[in-house]
Amino acid sequence: MREIAYEEIVKNVRDIIVYSASNLPEDALNAMKEAYENEKSPVSKEVLKQLLENADIASSEARPLCQDTGLAVFFVKIGADVKVVGGLLKDAINEGTEKGYVEGYLRASTCEPFSRANLKDTVGYNLPAIIHLDIVEGDKIEIEYAAKGGGSENVSRARVFPPAAGKQGVIDFVRECISDAGPNPCPPLTVGVGIGGTFEKAVISSKHALFRNIGSVNDDPEMADLEATIKDELNKLGIGTMGMGGTETVLAVHIEANPCHIASLPVSVNVQCHSSRHTHITI
Amino acid sequence: MSKTYHLTTPLSDETVEKLQSGDIVYLSGTIYTARDAAHKRLVDLLDAGKELPFDLKGAVIYFVGPTPPKPGDPIGSAGPTTSYRMDSYSPRLIAEGLKGMIGKGKRNKDVTDACEKYKAVYFGATGGAGALLGKQIKSAEVIAYEELGPEAVRKLEVVDFPVTVVNDTHGNDLYKIGREQYEVK
């Protein structure tokens with residue numbers, strides 16, 4: 001049994017939150033540079049240039065890339081041979097989140113659903129974090145983190161189709177979702193698609209798909225093909241950067257597929273803006 | 001062809017009428033911040049016949065909830081938020097003299113109709129360029145609703161704040177025009 005101190009988790013979580021807020025990961029930065037090279041619309045190209053400049057300023061001056069510093073979302077795998085000492089794993093992640101958002105001068109964006117009262121002085125600064133936990137083999141803790149903004153989350157959708165809808169049904173659903181969203185989710189986008197499972201499994205898979213590095217290839221050749229097909233379809237929409245019109249609307253489509261019930265074909269589309277602030281550490 | 005303008009607030013009818021969708025504008029002067037919660041309160045004040053915390057005549061409102069400033073800075077990162085959430089309030093403020101709104105994303109027909117009728121424009125700022133846009137803000141002061149935190153109403157002094165005209169006073173919409181040009185049917 002390997003012991004990992006509560007405080008070590010707090011510190012690690014705090015550090016990745018502060019770093020991610022002002023440093024776009026390499027995969028996202030490269031994808032934005034590629035979009036800049038390929039974009040045919042002069043207006044979208046100009047906006048992409050502004051975004052690359054923004055990434056430079058954010059990183060060199062340690063300023064948040066975007067004022068929407070997100071809700072903190074975690075996918076955590078804890079090894080069965082790990083014992084967290086000094087407190088609970090979830091508490092450590094929440095404490096690290098609060099520290100990161102306060103000390104990094106990030107925005108407190110959690111509130112009550114109806115009164116809209118900010119939770120910074122009651123529940124905690126930008127708390128609670130959204131935490132998905134899994135237990136795996138080994139003696140390590142693997143933490144995948146993303147700061148998830150509201151604009152792109154607001155256009156995300158899920159629906160359970162009849163099996164006959166098939167691949168075409170999935171393609172049409174994703175196209176409709178991105179077309180209706182237009183400029184609102186801050187394109188160019190990463191589009192996470194969860195297919196199969198139950199209703200909630202599809203939704204969580206579509207979220208987790210956004211944590212994959214842009215430019216990586218799906219292990220399943222059938223899904224890799226479908227990703228390429230959907231990406232082509234979405235780039236025909238002409239939405240462009242920030243909806244100004246253009247050829248580069250989507251940086252990547254990531255699919256996570258699961259076995260499902262013989263009666264259903266659940267599909268979920270989770271959208272990520274161009275500021276794909278995600279990271280991955282192992283303790 | 002898109003034109004470039006350097007404008008100073010407050011804006012007059014004459015100034016906003018010459019702007020066309022796609023024009024690039026560098027704004028200087030005073031602008032005010034407000035998001036959904038603040039908009040609701042402003043409209044409630046108008047309904048009650050009370051005075052607003054700032055003069056709407058010729059004013060420009062920026063839809064933004066900035067990050068907290070670091071020590072020594074006037075404001076943190078400050079890019080636009082999605083504007084449709086203000087759609088139910090904007091027409092009322094436009095009718096009372098508001099001349100410009102800065103945000104990102106689509107507006108509904110009530111807003112674009114009000115822009116035509118009362119002569120106001122909707123500007124798009126680059127979403128996700130919060131670090132860059134924050135640097136164009138030279139001072140910031142909370143003037144109302146401090147308890148709303150990031151959603152409080154702030155008075156900002158900006159210099160050459162870069163925006164693009166999305167909806168002009170003539171019924172044009174840059175999001176439609178731009179997309180039609182690049183859509184592959």
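Student: How many bridges join strand β2 of chain A to strand β5 of chain A, and do they run parallel or antiparallel?

Tutor: In this predicted model, strand β2 (residues 71–79) and strand β5 (residues 141–148) of chain A run antiparallel and are joined by eight bridges; within that pairing, A:V76 has A:I143 of β5(A) as its bridge partner.

Student: And in what sense does β2(A) pair with strand β4 of chain A?

Tutor: That pairing, with residues 130–136 of chain A, is in the parallel sense and extends over seven bridges, and A:I131 in β4(A) is the bridge partner of A:F74.

Student: Switching to the open sheet of four strands, what is its order?

Tutor: The order is β6-β9-β7-β8 in chain A, with mixed pairing, and the edge strands, each pairing on one side only, are β6 (157–161) and β8 (250–260) of chain A. Neighbouring strands of this sheet are turned by 15° against each other on average, with direction ignored.

Student: Which helices pack on the sheet?

Tutor: Helix α7 (residues 199–209) of chain A touches β6, β7, β8 and β9 of chain A, and its direction makes about 150° with that of β7(A), while helix α8 (residues 221–235) of chain A touches β7 and β8 of chain A and makes about 140° with the direction of β8(A).

Student: Now the two chains: how many residues of chain A are in contact with chain B?

Tutor: There are 43 residues of chain A in contact with 37 residues of chain B, and helix α3 (residues 42–61) of chain A gives the largest share of the chain A side, nine residues.

Student: What is that side of chain A like by class?

Tutor: The side of chain A that touches chain B has 18 nonpolar, 18 polar and seven charged residues.

Methods: Residues are numbered from 1 along each chain as its sequence is written. Chains are lettered from A and ligands numbered from 1 in the order in which they are written. This is a predicted model: local features need pLDDT of at least 70, side-chain atom pairs count only at pLDDT 80 or more; totals for chains, interfaces and linings use all residues. Two residues are in contact if their C-beta atoms, placed from the backbone, lie within 7 Å. Helices (H or I, at least four residues) and strands (E, at least two) are DSSP runs, numbered from the N terminus. Ala, Val, Leu, Ile, Met, Phe, Trp, Tyr, Cys and Pro count as nonpolar, Asp, Glu, Lys and Arg as charged, and the others, Gly among them, as polar. Two strands pair if DSSP finds at least two bridges between them. Axes are lines fitted to C-alpha atoms, for helices over the stretch in contact, and angles run from 0 to 180 degrees between N-to-C directions.
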